Every structure is written in C-alpha cells, then in structure tokens.
Amino acid sequence: MITGTVVLLFVAFLLWGTGLHEARAQSSLKKDFEQSLAQQAATTGGDTTATSQAPPAPTGSAVAVIRIPKIGVDKAVVEGVGVPDLRKGPGHYPGTPLPGQPGNAAIAGHRTTYGAPFYNLDQLTNGDEIDVTTLQGQFRYVVDRTQVVRPNQLEVLAPTLESRLTLTTCNPRFSASQRLVVSAVLAGQPTAPPAATTPTTAVTAGSPPPASLDDPSGPAGDGAARFQTAVWGVITAALAFGVYRLARRRRPWWRRFGVYVLGALPVGFALFLFFENINRLLPANF
C-alpha cells in the first residue's frame, strides 16, 4: 500500500507538479524575450538584420516563441535541450540554425511532463502551420512530414538545403522508446544567420556529436542524480518512519492525528526532492 501510494504521488508530481515549475519559468522567459524584442526595436529602429552580429544566446535563455494554433501551443523556446533546459519549455538544439534562418532548425519538447508542450504533436498533419518569432522576425512554417524514429536516428537533425523546422519529442506518450518527429518547411524567404554561428551544421564545431535525440552532450537523463536520489529516498523513508513511531505513542487519537499533520510537512518536502531527483534520471524530453 505504501509503495502504491508513493507511485501514485510520483505520477501526480510528473503530470501536475512539474507543470507548475514550467509555468513559472515560461512567465519569466516570455517577459525576458519581450524585453529583448523591445530593446532591439529601440536600438535598430525595427531593422531585424541588425541582429546578424549578435553573439550566440546562452544556454537556458529565451531565443524564440513558438505558436502552433492547432494544438494550442504558445511557448517560449530556450537555448539547449538538456534536462535543466527542457524543464523551462521547448529547447533549441545547439548547433542547428535558429528558426527563420537557412537550414534545419530543430526544437525538442516534453510530451508528458513540465507543461507537456508537445503532448498533442501527433495531431499535426500536412498543411498545419507553425509560427515562430525570434529576434530576427516572425516566420511561418507549414508541416509536410511526420515520422517516428529511434532515439539514435540523428539524421533528422542533419543540415538541409531548404529552410526547415524539425520538432522532436518522446513517443509514445509516457514512454521514451521512440521519438516523434514533425518536419515543416519555411513559407517565405529565410533571414541572414548571425555571423557568430554556424547555421548549416548539425552540431557546434568542435563539440562531441549528439548521443541521442535528447541532451546533445550525452545520454538521456542525468546519471549524476543517482546518488542524490538514493540520499533523498533514505531521508524520506527515515522521516516517514519517525513520524509513524512518534504518532503511535500518542493518545488520544486527536494527538496522534496532530503528529501526522505536522510530520507531513518535512516528509512532504523530502518526498518532493526525492521525486525531483528521480525525474532527473528520466530522458530529457520524456
């Protein structure tokens, strides 16, 4: 019964608790991006080509806003597809061009956790529109291909002669065994890429190649979280057992109930951190 309860609480944490984290991050990211747009308009007079000399965006910062009307997506896109990045929202694969630039721009997103921005990505069909705003302007893409691939099929990130947008997420829902890939072609002319980036390569020059369609720096999930997961698991179990033993010694029943209520605070906090570290072990865009 205890194991079943913990499993159900973890599922609730994944489906709803992580969404609160993503919602706070999205609010901050969108404000930052709007400020960047306003600053650019003030310094360039609305000339988007002036961003051509801008340095690459730091990992975790907002680089675009993606809108997919058919499935209700309106999210800020961050730079990077590592575990910390995708907790904030959809992430731009480093080394691929930004949307609107020549080549194959690629974005990954969660399917079931942290706001699940790509939950209904499978509903997109040929002809559906995807709108993306970057500091270089607004761009419209039209979906023309959907496929399911293995996590190590990196050819979906390969450079293309035409300007494309590639969206990736885990498939099927609640699993990381496959990747759902939606590809769209730019409607209109691309903009000039920043001189400081290499827009037609699949990975940044000098960096190791991606190991999977998750974090390009290594395997899916954060293996370093194993130790923290074990520590917080032991702490949670110890606190829960301590509260139980303390409550058993109390009479009458209302004092016992009071011990459980007060003990729920430290146990709940430890359990939350335990779940946070378990979630770090999952694939980045699960």
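The legends below describe close-up views of a predicted model. In this model, local features need pLDDT of at least 70 and side-chain atom pairs count only at pLDDT 80 or more, while totals for chains, interfaces and linings use all residues. Residues are numbered from 1 along each chain as its sequence is written, and side-chain values use heavy atoms, with hydrogens and water left out.

**View 1. A positive surface patch of arginines.** Arg 245, Arg 248, Arg 249, Arg 250, Arg 251 and Arg 255 form a positive surface patch. Such a patch is made of residues with over 30% relative accessible area and no salt bridge, with like charges joined within 9 Å; the place of an Arg charge is taken as CZ. Arg 245 lies in helix H3 (residues 225-248), and Arg 255 is found in helix H4 (residues 253-280). Helices here are DSSP runs of H or I with at least four residues, and strands are runs of E with at least two. Arg 245 is partly exposed because its relative accessibility is 40%, and Arg 255 is partly exposed at 45%. Buried means under 20% relative accessible area, exposed means over 50%, and partly exposed lies in between (1.4 Å probe, protein chains only).

**View 2. Ser 183 and its contacts.** Ser 183 is found in strand S8 (residues 178-186). With a relative accessible area of 4%, Ser 183 is buried. Leaving aside residues up to four places away in sequence, Ser 183 touches Val 143, Asp 144, Arg 145, Arg 164, Leu 165 and Thr 166; contact means heavy atoms within 4.5 Å.

**View 3. Asp 122 and two arginines.** Asp 122 forms a salt bridge with Arg 111, the closest N and O atoms being 3.3 Å apart. A salt bridge is a side-chain nitrogen of Lys or Arg within 4 Å of a carboxyl oxygen of Asp or Glu. Arg 173 also forms a salt bridge with Asp 122, with the closest N and O atoms 3.3 Å apart. This second pair links distant parts of the chain, 51 residues apart: Arg 173 is in the loop between strand S7 (164-171) and S8, and Asp 122 is in the loop between S4 and S5. Arg 111 is buried at 2% relative accessibility, whereas Asp 122 is partly exposed at 39% and Arg 173 is partly exposed at 27%.

**View 4. The pair of Arg 164 and Glu 162.** The closest N and O atoms of the salt bridge between Arg 164 and Glu 162 are 2.5 Å apart. Arg 164 is buried, with 2% relative accessibility, while Glu 162 is partly exposed, with 41%.

Technical notes. Patches are made of residues with over 30% relative accessible area and no salt bridge: like charges are joined within 9 Å, nonpolar side chains (Val, Leu, Ile, Met, Phe, Trp, Tyr) within 5 Å. Accessible areas come from the Shrake-Rupley method with a 1.4 Å probe; for residues, only the protein chains shown count as cover. Lys and Arg count as positive and Asp and Glu as negative; His and the chain ends are not counted.
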